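Open the model in your viewer and keep the selection tool at hand. The tour below goes stop by stop.

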Amino acid sequence: MCGPRGLKGTVSELYHNNGDGTFTNVSAKSGVSKTSEYYCFTVLTGDFDNDGWPDIYVACDSTPSMLFHNNHDGTFRETAVAAGVAYNDDGREQAGMGADVGDYDGDGWLDIIKTNFSDDTSTLYHNNHDGTFSDVTFSAGLGKNTQFLGWGTLFLDVDNDGWPDLFMANGHVYPEVRRLKSEAGYEQPKVVYRNLGNGRFEDVTARLGAPLTIPKAARGAAFGDIDNDGRIDVAIANVNDRPDLYRLQNDPANHWISLKLTGTASNRSAIGARVHIFAGGAQQWQEVRGGGSYLSQNDLRVHFGLGGAAVVDRVDVRWPNGKEERWERLEADRIHTLREGDGPMADKR
């Protein structure tokens, strides 16, 4: 295996859902194919500028990553260089593999985490609220690990304290590196960073121990509460090995809430909906998203850790069609179903 440099790259494609079980290729019409030929890996959707329209981020291997800004008319404009997410802080192209979006600092704006090839760090892009991002990898404490080759990565609240943590699945692509002392091995451990709530993360992998520290050649990673106990679990796909399912344990003193959104006028799975909650004097934001991590699909329910808050004072939902609704005084430690059209209209003041 010698790639990707020297191999032929490709452009992105976008298919429009016709609503009748068929799709139309709108790659050229939308503008997403009007780029150079890159080596694209993980695709993320998210409303990165809070204008109500989903944008598209593409993590690329050995070429600049891409950010397609939604023009509100069925077309997109590629803005990654101007937005600061094409390269790392040194201006280097990286070998992007997996990626995820989340609001790790609770400011209401979606940030991006990207895993990369070995001999490099993962990259954390902080949303600057003005259409640009800053590479805060080292200031956030994510610069200490350079030996791993990262794939699936997740923003998830491991301890339900209200601050999204980071989970990363790792594994090399060349089995021959087992013979090299300079590499971390073909099979590699996972990495978990705990969010300290001050813009920084702490590597707690060694403290958590097995099974995280058992080396595997991991690729995809997806989260979901498989047993509905309020604790997020993680499924991992491994190369030439059985998949793993981790049931995470956390502080039982911390509360949580899960919200299953059902669209009626919008798409039934409510993909593209934005959820804003108020609990215990704090606010959190998430979006219902399809795809992400690396070749994976997470639980479509949005899960929030609440810390000591036993009640969610308010939940505001902006549905994919732009309609906004509000629910109040939802009990914690439960899974609630929110159906489009059943909630009072939100006050937009």
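## Stop 1: Glu 202

Select Glu 202, which counts as partly exposed because its relative accessibility is 29%. Remember that this is a predicted model. Glu 202 sits in strand β14. Now show its contacts. Leaving aside neighbours within four places in sequence, Glu 202 touches Val 192, Tyr 193, Arg 194, Leu 196 and Arg 207. Asp 165 is 37 residues from Glu 202 along the chain, and their C-alpha atoms are separated by 9.3 Å.

## Stop 2: the whole chain

Zoom out. The chain holds 3 helices and 24 strands. Its C-alpha trace spans about 60 × 50 × 40 Å along the principal axes. How does the radius of gyration compare with that of a compact globule? A compact globule of 349 residues would have a radius of gyration near 20 Å, and the chain has 20 Å, so the two agree.

The accessible surface of the chain comes to about 15800 Å². Carbon and sulfur atoms account for 50% of that area. Of the 349 residues, 54% count as buried.

Now look at the contacts between residues at least 6 apart in sequence. Of these, 52% join residues at least 24 apart.

## Stop 3: the sheet from β3 to β6

Go back to cartoon view. Strands of a sheet pair through backbone hydrogen bonds, either parallel or antiparallel. Which kind of pairing is found in the sheet β3-β4-β5-β6? The pairing is antiparallel, and these 4 strands form an open sheet in that order. Select residues 40-46 for β3 and 76-78 for β6: these are the edge strands, and each pairs on one side only. On average, neighbouring strands of this sheet are turned by 20 degrees against each other, direction ignored.

Pick Val 58; opposite it stands Met 66 in β5.

Follow the chain on to His 72, in the loop between β5 and β6. Check its backbone. Phi of His 72 is near 70 degrees, a positive value in a residue other than glycine. Most residues other than glycine have a negative phi, and most peptide bonds are trans. His 72 has 36% relative accessibility and therefore counts as partly exposed.

## Stop 4: the sheet from β7 to β10

Next, select the strands of another open sheet, 4 in number, in the order β7-β8-β9-β10. Its pairing is antiparallel. Find β7 (99-102) and β10 (133-135) at the edges. Each has a single partner strand, so one side of each is left without a neighbour in the sheet. Neighbouring strands here are turned by 20 degrees against each other on average, direction ignored.

β9 (residues 123-127) and β10 run antiparallel, with 3 bridges between them. Asn 127 stands opposite Phe 133 in β10.

## Stop 5: aromatic rings

Show the aromatic side chains. A pair of aromatic rings is described by the distance of the centres and the angle of the planes. The count comes to 6 aromatic pairs. One of them is Phe 41 with Trp 151, a tilted pair at 6.3 Å centre to centre and 40 degrees between the planes. This pair links distant parts of the chain: Phe 41 is in strand β3 and Trp 151 in strand β11 (residues 150-156), 110 residues apart.

Trp 151, at 4%, counts as buried.

Then select Tyr 104 and Phe 201, another tilted pair, at 5.6 Å centre to centre and 45 degrees between the planes. Tyr 104 lies in the loop between β7 and β8 (111-114), and Phe 201 in strand β14 (residues 201-203), 97 residues away. Both are buried.

## Stop 6: two backbone details

Step to Leu 295, in the loop between β20 (282-287) and β21 (302-307). Its phi is near 50 degrees, a positive value in a residue other than glycine. Leu 295 counts as exposed because its relative accessibility is 74%.

Finish at Pro 211, in the loop between α3 (205-208) and β15 (218-224). A cis peptide bond joins Ala 210 to Pro 211, with omega about 5 degrees.

Note on methods:
Residues are numbered from 1 along each chain as its sequence is written. This is a predicted model: local features need pLDDT of at least 70, side-chain atom pairs count only at pLDDT 80 or more; totals for chains, interfaces and linings use all residues. Side-chain values use heavy atoms; hydrogens and water are left out. Two strands pair if DSSP finds at least two bridges between them. Axes are lines fitted to C-alpha atoms, for helices over the stretch in contact, and angles run from 0 to 180 degrees between N-to-C directions. The radius of gyration is taken over C-alpha atoms; the globule rule is 2.2 Å times the number of residues to the power 0.38. Buried means under 20% relative accessible area, exposed over 50%, partly exposed in between (1.4 Å probe, protein chains only). Contact means heavy atoms within 4.5 Å. Accessible areas come from the Shrake-Rupley method with a 1.4 Å probe; for residues, only the protein chains shown count as cover. Rings of Phe, Tyr and Trp (its six-membered ring) pair if their centres lie within 6.5 Å; planes under 30 degrees apart count as stacked, over 60 as edge-to-face and the rest as tilted.
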